[in-house]
Structures are given as structure tokens and as C-alpha cells.
Amino acid sequence: MKIIRGERSFDLNDFLKKPLFAHLATSSEEGPKESPVWFHWEEECLWIIGTPATDSFTGRLENNPKCAVGIVELDPLTGKVLHAGFRGKATIKPFDWGITRRLLVRYLGSDEEKWDPMFKELGGHNILVKIVPETVVVRDQSYQPSL
């Protein structure tokens, strides 16, 4: 994995521990498609939960595993803008509750009893998407706010 750091940078691993939305870009016959997703960063790979019956990105990745992922943290009050961009290839993996739980804990908290029931019912109808980055761009694009 090649990491390209901008003139101003930040710690990628700390950044990827935050409950941020990622934007998964895939190719289709109609052109590029984008899907907002939750993610988990583990062993230098991004993991995303997919539901083939309702998530069309899983089929697009089976047809063409090349993809890109953008993750941005923005705070307009402080001017903080952190961006990590990934390019690589995805593989569809069987559902794994361990990886899924680690992903969900960051977004929903560790008390599974408080989770929305739809997250407690994940399993046989779900898969995991494993994205192995070939390149990662890490940039601190923060600015002095005018507010």
C-alpha cells in the first residue's frame, strides 16, 4: 500500500477509528456510482457490510473489483477538514460477526441491547466487502473559518 501524504497530513489510523461516513465509488455500465457506507479499518484493509438483495454495489464489485473510497471529517466552526482517499480492489467475503461487531460498535456503542433491531439481525443475508488499498491519499485541508 502506497501512502501519499499532502503537505499537511494527520495520523491515518487515529482518523479511521472515528465513526465517519465513507463514500464508496464503483463502476457500472451507466457510469460511476457512489454509495455512502459505514466502514471498519483492520490490518490495512477497509471492511464494509453489504446486503446483496438491496445493495447494488456488491454486484458492481463482483463485476469490476476496482473501486475508490473517500472519507472526510468536516467541522465548519473550526475549519477542520481531514480527507483520506483510497484506491484499490474489493473482494466479496462471507459474513463474519466478529468484524461486523467491531464495525458496529464504533457507530452504535458497545451495548448491543440498545442497538436498533435491524443491526441485531445481520447474518446469513449479509456479506462483507474487503477493500485492499493500493494507494491512500492523506490530506489535512483545514482552513481558517470565517464564521
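Visitor: Quick one to start. Is E112 buried, partly exposed or exposed?
Guide: E112 is partly exposed, because its relative accessible area is 27%. Keep in mind that this is a predicted model.

Visitor: Which side chain does E112 meet in a salt bridge?
Guide: That of R101, with N to O at 2.4 Å. The pair links distant parts of the chain. R101 is in helix 3, and E112 is in the loop between helix 3 and helix 4 (117-120). They are 11 residues apart.

Visitor: And how accessible is R101?
Guide: R101 has 29% relative accessibility, so R101 counts as partly exposed.

Visitor: How many salt bridges does the structure hold?
Guide: Six.

Visitor: What does R102 form a salt bridge with?
Guide: With E42. The closest N and O atoms are 2.8 Å apart. Here too the pair links distant parts of the chain: R102 in helix 3 (residues 97-108) and E42 in strand 4 (residues 40-42). The separation is 60 residues.

Visitor: What about D14, which residue does its side chain meet?
Guide: D14 meets K17 in a salt bridge, at 3.8 Å from N to O. D14 counts as partly exposed at 45% relative accessibility. K17 is exposed, with a relative accessible area of 56%.

Visitor: Which residues are linked in a network of salt bridges?
Guide: K18, E73 and K80.

Visitor: Switching to rings. How many aromatic pairs are there?
Guide: The structure holds six. One of them is F10 with F15, a tilted pair. The distance is 4.8 Å centre to centre, with 55° between the planes.

Visitor: Are F10 and F15 buried or exposed?
Guide: Both are buried.

Visitor: Where do W38 and F119 lie?
Guide: W38 is in the loop between strand 3 (31-37) and strand 4, while F119 is in helix 4. So the pair ties together parts that are 81 residues apart in sequence.

Visitor: How do W38 and F119 count for accessibility?
Guide: W38 counts as partly exposed at 22% relative accessibility. F119, at 16%, counts as buried.

Visitor: Which residues form one aromatic cluster?
Guide: F21, W38, Y107 and F119.

Visitor: What sits over the ring of F39?
Guide: The charged end of R106, 4.8 Å from the ring centre.

Visitor: Backbone next. What is phi of E43 near?
Guide: Near 55°. That is a positive value in a residue other than glycine. E43 has its place in the loop between strand 4 and strand 5 (45-50). With a relative accessible area of 73%, E43 is exposed.

Visitor: And E44, what is its phi near?
Guide: Near 60°, again positive in a residue other than glycine. E44 lies in the loop between strand 4 and strand 5. Its relative accessible area is 48%, so E44 is partly exposed.

Terms used
Residues numbered from 1 in each chain as written. Predicted model: local features only at pLDDT ≥ 70, side-chain atom pairs only at ≥ 80, totals over all residues. Heavy atoms only, no water. Salt bridge = Lys/Arg side-chain N within 4 Å of Asp/Glu carboxyl O. Buried < 20%, exposed > 50% of the residue type's maximum accessible area, 1.4 Å probe, protein only. Helix = DSSP H or I, 4+ residues; strand = E, 2+ residues; numbered from the N terminus. Phe/Tyr/Trp six-rings, centres within 6.5 Å; stacked < 30°, edge-to-face > 60°. Lys NZ or Arg CZ within 6 Å of the ring centre and 35° of its normal.
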